[in-house]
Amino acid sequence: MPRSIVAAFRRPRLLALVLAGIQVTGCGAGSSHSRAGGVALMAHPIQRPATLLRVSSNGRYFENAAGQVVELSGSHTWSNLQDNGHGRRPLAFDYDAYLNFLQANGHDFFRLYVWEQSRWTLETADEDYWFYPETPYERTGPGRANDGEPKFDLSKLNQTYFDRLRARVAAAGKRGIYVSIMLFDGWSVAKVKGASHANNPWRGHPFNSANNINGINGDPNGDGSGEETHELLIPAVTAIQDAYVRKVIDTVNDLDNVLYEISNESGQGSQRWQYHMIDLIKSYEAGKPKQHPVGMTVIWPDGDNADLLASHADWISPNGDAKNPPLATGAKVIVSDTDHLCGKCGDREWVWKSFTRGENPIFMDAYDGAGYGVGGNGFKFDDPRVVDVRRNLGFVVELSRRFDLRDMLPHADTRFVSTGYALADPSSARYIVYLPPTASGRVSVDLSGSAADLTAAWLDPTDGLVFSGGPVHRGGPHNFTAPFDGDAVLMLEPGGSTGLPK
């Protein structure tokens, strides 16, 4: 990563300048007419407050208090709740700069990452890798844990942790950004999570019998790993976890911009435990002023998406094929996350394919390169592919606000749209069609069911410029050709009533 970028993340004013430079040179936001006839989609973005969400009648999206569909889309990274890095008090993550970054890209959602362990602890180079605030539990002793610090008292909750949690969610809400609060993490309890991870986080976990004063042993089979804590196998552990979850709810229930996620990629055997936690949140919040959406993300490895669909969760993040996302049926709100599809990956094709299949795309973003698991020096903040993904996530949010998605359904039938990627509501004469590069700028759309004549416009996802496509008569298949090279987004609305930039 260039030193100027690294420095920017530690100095918010410099970051603003760096981001401004990336935004202007990367997506044309600095000019409304940077190419002849084109108008920037993001020149005058539509702003919305982050009000309480509920599942919309469509089933594929949430809607806000005003009944407007909210397309959740944005970047998330590993350090956005707990600072992490080398040293007992690692370098602080610049959270304000992170929120500036999300706003600059037009994002409206992120996952707030949690790590259950105090430290990555094994005989490796990362022996000195710490998290702060460490865990939700106080370190009172007597005695020393594996990491050399006082043992945890699991009956005492660490208020510093919850104060930071609330402050970060509230700060995002003031900017119109929704936050999914991660409650647990499968990568914090398992000895082996892929060949590239030599560290054993379990040695630094509060439920390790060597680390607490409460007689809790989260590894009853003695294999040096704590997956049992995510499996309803130890009633005393579950009771402590339940108390922690209720404390999280008490801490943020009055905030509108909250969603919950049970755990990030817990292992095989965690299904019943995750179901228990979903039901706990719903039952406990039923007696509270506000009820927030609850999500379940796919088990790792070898997770079965059927487990997600069978849950009581409001939203899910499945595994699958990023190159050809499935059609969202409306059974659950689907948050399509590269974290569970392919890791540190993704491109703008994935963004638009996911969106036009009725999903809510979010991006696992290495961001400043400091998060554990980034993999050395290979990440560059201004990598063109990554910058492209980020800005197109913002384009998706903006376009979702200019169209009424409540009655728009995804279509994969190539007889309806030749590319197989479209959101459409013929009864209101509204269509959003994605043309991947393989379409060579051409698409056929069946407008026989359109309720009115239409106006066409084209979005170039390379720079976010919108170009007029002129009037279109309803009825029968129509062939369209993009006015620029590469992939494209075709937008059709009732003639004379387009909500797109002028």
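Biologist: How many bridges join strand S16 (residues 333–337) to strand S17 (residues 360–364)?

Modeller: This is a predicted model, in which local features need pLDDT of at least 70, side-chain atom pairs count only at pLDDT 80 or more, and totals for chains, interfaces and linings use all residues. Residues are numbered from 1 along each chain as its sequence is written, and side-chain values use heavy atoms, without hydrogens and water. Helices (H or I, at least four residues) and strands (E, at least two) are DSSP runs, numbered from the N terminus; two strands pair if DSSP finds at least two bridges between them. Here, 3 bridges join S16 to S17, and the two run parallel. Within S17, Pro361 is the bridge partner of Ser336.

Biologist: What is the order of the open sheet of 8 strands?

Modeller: The order is S5-S17-S16-S15-S14-S13-S12-S7, with parallel pairing. Strands S5 (74–76) and S7 (109–112) stand at the edges with a single partner strand each, so one side of each has no neighbour in the sheet.

Biologist: Which strands does helix H4 (residues 159–173) lie across?

Modeller: Contact means heavy atoms within 4.5 Å. Axes are lines fitted to C-alpha atoms, for helices over the stretch in contact, and angles run from 0 to 180 degrees between N-to-C directions. Helix H4 lies across S7, S12 (178–185) and S13 (258–264), at about 155° to S12. Helix H6 (residues 271–285) lies across S12, S13 and S14 (294–297), at about 160° to S13.

Biologist: With which residues is Tyr260 in contact, leaving aside neighbours within four places in sequence?

Modeller: Among them are Ile181, Val248, Ile281 and Trp315.
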